[in-house]
Amino acid sequence: MVEIKTPEQILKMREAGLIVAEAHKACREAVAPGITTGELNAIAAKVIESHGATSNFLGYHGFTGVICASVNDEVVHGIPGDRVLAEGDIISIDCGAIVDGWHGDAAITLFVGEGHAPELHQLSQVTEDSMWAGIAAVKKNNRLSDISRAIETYIRRQPLPPRGKYGIIEDFGGHGIGSAMHMDPHLLNYVDRKRGRGLKLVPGFCIAIEPMVSLGTPKTHTLADEWTVKTNDGTWAAHWEHSIALTEEGPLVLTAFDGGRAKLAELGITAAPDPLG
C-alpha cells in the first residue's frame, strides 16, 4: 500500500525535512581532516535534539548512529565511530528526523580537505544532478518508472570520467516516506522493464529519491558489521538524497531549505509553495 498524505501531514514532513537540512548544514561546516565520523554523528544529534525532533536512524533495526557515515568506497550505511577523516577522503552523510510521527530523510556527499581528483568532483556532481533530474520527473500523472528513467538517462548521457565509468548501484534505491522512514514503493535508479511503468503519481505522493553512483561497478557487498556497504571493486562512490512531496501545485523538496525552488527553476519546473512560508 502506498501512503497518500494530506496537506497537514506534508507540512509536518516539511518540518522534519528542514531539521534534516539543518543537521546536514552543521556537518558540512564541520567536515575537515582530523574529525571523526562519531564527532559528526554527535553534531547531527545535537541539531535534531535542539529542534525537539527525534532520529529515525538511531535504533533502526539496531543501528547505533543518527547518521550513516560512508567514506570513499563505502556506498551507504557506514556506522559512525572513531574513524578519523583524512585529507582527500569523501564522505556521504545520510540523516533523518521525525516530527510528530512524520519523517524526513536526505543524504549529501562532502569532500574532506582539498586536492581531490577531478573525477571525484564529477562523480558527486553527476550523482547530485541525476537526483534533481529525478525530482523534476515528480509530476502529476507521471509513473514511478519516469523518475527512474530520468535518473538513469541523465547519468548515461554524461561524459565518462578520465578513469573508470559510472556504475549505478543496483542493490539500493529510493523509497516511499511518510509515517515511516522506509515505505512502499521502492524506487530503482535505473529502468527495469520487468517491473513495468509502476504506479501513477498523484498529489499526496511522497518519495525519497537517492541515486548512488560509483566510478566502477554497480555491484556491492555488506561488511561483517552487517551495515556498511562497499563497492565490489573498491571504486569510490557518491550518494545524494532528498525527500519530495507531490502537491496539487507541483513538487516540494521537503529536505531543501528553499523547497527546491532554485534548482527546479533551472530545470523549468515551478516548485510548490512552501507550507511553512
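**Close-up 1. Strand β7 and its proline.** In this predicted model, Pro185 sits in strand β7, which covers residues 183-187. The peptide bond between Asp184 and Pro185 is cis, with omega at about 0°. For context, most peptide bonds are trans. Next along the strand comes a pairing detail: His186 of β7 is the bridge partner of His175. Strand β6 (residues 174-176) and β7 run antiparallel and are joined by 3 bridges.

**Close-up 2. The open sheet around β7.** Zooming out a bit, β7 belongs to an open sheet of 5 strands, ordered β7-β6-β8-β13-β14, with antiparallel pairing. Which strands stand at the edges? They are β7 and β14 (250-253), and each has a single partner strand, so one side of each is left without a neighbour in the sheet. On average, neighbouring strands here are turned by 25° against each other, ignoring direction.

**Close-up 3. The α1-α2 helix pair.** Helix α1 (residues 7-30) packs against helix α2 (residues 37-50) at an angle of about 145°, and the two axes are 9 Å apart. Their crossing is right-handed. So who's touching whom? On the α1 side, the contact is made by Ile19, Glu22, Ala23, Ala26, Cys27 and Ala30. On the α2 side, look for Leu40, Ile43, Ala44, Val47 and Ile48. Sorted by class, this contact has 10 nonpolar residues, 1 charged residue and no polar ones. Glu22 of α1 is the charged one.

**Close-up 4. His61, with a positive phi.** Most residues other than glycine have a negative phi. His61 isn't a glycine, yet its phi is positive, about 50°. You'll find His61 in the loop between α2 and β1 (67-71). Is His61 buried or exposed? Its relative accessibility is 66%, and exposed means over 50%, so His61 counts as exposed.

**Close-up 5. Asn141, another positive phi.** Asn141 has a positive phi of about 75°, and it isn't a glycine either. This residue is in the loop between α3 (118-136) and α4 (144-156). With a relative accessibility of 47%, Asn141 counts as partly exposed, because that class lies between the 20% and 50% cut-offs.

Key
Residues numbered from 1 in each chain as written. Predicted model: local features only at pLDDT ≥ 70, side-chain atom pairs only at ≥ 80, totals over all residues. Heavy atoms only, no water. Axes fitted to C-alpha atoms, helices over the stretch in contact; angles between N-to-C directions. Helix = DSSP H or I, 4+ residues; strand = E, 2+ residues; numbered from the N terminus. Left-handed = near helix turned anticlockwise from the far one by under 90°. Contact = heavy atoms within 4.5 Å. Buried < 20%, exposed > 50% of the residue type's maximum accessible area, 1.4 Å probe, protein only. Pairing = 2+ DSSP bridges.
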